[in-house]
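Please keep the sequence and the model in view while reading.

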Amino acid sequence: MLKRILVAVDGSDHAHKALEEALNLAESMKQPASLIIMHVNPAISMNEPALGIDLEERIAEEGRHIIEPVTRQLAGRNVAYETLLIAGDPVNEICRVVLERDCGLIVMGRGGKSMLAEMIVGSVSHGVLKHAECPVMTVK
């Protein structure tokens with residue numbers, strides 16, 4: 001039985017649709033699965049910090065800005081959830097949390113990159129599909 005679903009969000013329309021799909025799936029189950037809503041701020045390494053800017057606080061603020069609409073979308077829904085805001089490599093962090101929290105499914109948006117752009121820079125959804133140890137549902 002599916003107990004936990006990890007939903008990766010990044011503020012995109014595809015992520016919004018992925019969350020809606022995960023909510024519908026969780027609510028349709030006899031025993032609703034709980035959701036772990038996760039946003040990963042990519043780790044940034046800089047040789048010299050920008051003057052007058054607290055980069056870590058700015059990145060955390062961006063993450064909170066992405067999570068706030070998610071909590072509004074969840075209001076009034078009959079699904080237990082928690083939110084996670086993590087810094088690091090998105091593919092590695094998503095796969096790590098899935099293992100640590102014993103998630104049975106990952107639901108995430110599929111980016112709108114062209115095939116050439118995806119071949120050159122890759123994509124988070126492609127990386128997760130390749131490395132996750134549980135089923136992955138991508139939503140477009």
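**From the chain to its helices**

Of the contacts in the protein chain with a separation of 6 or more, 74% are between residues 24 or more positions apart, a contact being heavy atoms within 4.5 Å. The model is a predicted one, in which local features need pLDDT of at least 70, side-chain atom pairs count only at pLDDT 80 or more, and totals for chains, interfaces and linings use all residues. Residues are numbered from 1 along each chain as its sequence is written, and side-chain values use heavy atoms, with hydrogens and water left out.

The protein chain contains five helices and five strands, where helices (H or I, at least four residues) and strands (E, at least two) are DSSP runs numbered from the N terminus. Along the sequence their pattern is β-α-β-α-β-α-β-α-α-β. Of the 140 residues, 38% are buried, that is, under 20% relative accessible area with a 1.4 Å probe, protein chains only.

Helix α1 covers residues 13-28. Its 16 residues should span 22 Å at 1.5 Å a residue, and the end C-alpha atoms are 23 Å apart, which agrees; the expected span is 1.5 Å times one less than the number of residues. Among the buried residues of α1 are His-14, Leu-19 and Leu-23.

In helix α5 (residues 124-131), the buried residues are Ser-125, Gly-127 and Val-128. Seen down the axis of α5, these fall within an arc of 160°, so they line one face of the helix; the arc is that of the directions from the helix axis to the C-beta atoms. Their cover includes α3 (90-100), β4 (105-109) and β5 (136-139).

Technical notes
Buried < 20%, exposed > 50% of the residue type's maximum accessible area, 1.4 Å probe, protein only.
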